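Here's a friendly look at the charged pairs in a protein model. Have the structure open as you read.

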Amino acid sequence: MNQGKFVFAQLTDFLPQRVFDRLVIKYDGNKHVKHFTCWNQLLSMVFGQLTGRDSLSDLMFSIEPHRPKYYHLGFGKGTSRSNFANANEKRDCRIFEEYAFHLIDLARKASIMDKDFLLDIDGNVYAFDSTTIDLCLSVFWWATFRKTKGGIKLHTLYDIKTSIPSFIHVSSASVHDTKALDLLHYEPGAYYILDRGYIDYERLFRIHQSSAYFVVRAKKDLQFRRMYSRKGNKDNGVLLDQTGKLTGYYQVKSYPEKLRRIKFYDEETDNHLMFLSNNFDLTAEEIAQLYKYRWKVELFFKWIKQHLKIKSFWGTTLNAVKIQVYSAIIAYCLVAL
């Protein structure tokens, strides 16, 4: 007696196959393929993410008992471990990357604004950060980081209002965080929240020229000349709120416009924080609250490392690693949808 579709098949119904097929044609992904197509590969990767498989062998062992159901689950006629590994190694990872970005757009449009976001701000609010995933250098020889250690970085632009990442980029762990800012396209009126590791005044000025706003934590050796001050509110933690300009020779050349400096005392952590921003309309309390929302991207990194498989990989090449990372993002968006 037919009981309807399997749960996994019901989930994957939310994946737009026509979009994926266009990407496969664009990058010639099914060239010389007889049975195990790119679509079968994608569904197998998503199945492995949702079921928490630790290795490629573990994934194949978990799929094998469902052989009579392969057609209904979308796995095609099935494949061997070697063919699966070969597909991850040779098929263009850009198919999965662009498909992940398409699903990100769908998930952001379908999502409801996070109830924890309490500020009345019209523009989108993003937190940009990266997390390092350690790799064994003897196995992942291309992921050079230190002499005896390998790794990759997952650079993420996280939409605070929808709790969906809007941009993902995988790079070597040796790449400095500030270089990833060059990959972003800034939205006019949007807010970008950055940690002090992203202090690069030339790149911050690029955000300002794009009619976007940034909130970044200042470094201790900040060279800043006050022009005038606003009244602070020590009861709300605002110790000072100043407008001025940078004074260092190279800093002035990189960022010649005015900046806002805010010193804030956080009672919860007993820390004094210094922020820089090019926004002069929000209150100092709102600027501090915006920076506090940056921790949502840290929680996102923690969640995907605990619930998805991006720490133990099913292939050793850069292409295989990227396919697995973008498959994890696809699985994340699929759950959101």
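## Before we start

This is a predicted model, so to speak of local features takes a pLDDT of at least 70, side-chain atom pairs count only at pLDDT 80 or more, and totals for chains, interfaces and linings use all residues. Residues are numbered from 1 along each chain as its sequence is written, and side-chain values use heavy atoms, with hydrogens and water left out.

## The overall count

Side chains of opposite charge can pair when their charged atoms come close. Searching the whole structure turns up 14 salt bridges (a side-chain nitrogen of Lys or Arg within 4 Å of a carboxyl oxygen of Asp or Glu).

## A link between two helices

Lysine 26 pairs up with glutamate 98 in a salt bridge, with 3.3 Å between the closest N and O atoms. This ties together distant parts of the chain: lysine 26 sits in helix 2 (residues 17-26) and glutamate 98 in helix 7 (residues 94-110), 72 residues apart. Helices here are DSSP runs of H or I with at least four residues, strands are E runs of at least two, and both are numbered from the N terminus.

Lysine 26 is exposed, at 53% relative accessibility, while glutamate 98 is partly exposed at 26%. Buried means under 20% relative accessible area, exposed over 50%, and partly exposed in between (1.4 Å probe, protein chains only).

## A buried arginine and its network

Arginine 203 and aspartate 200 meet through their side chains in a salt bridge, 2.8 Å from N to O. Arginine 203 counts as buried, with 16% relative accessibility. Shared partners join Asp182, Asp200, Arg203 and Arg206 into one network of salt bridges.
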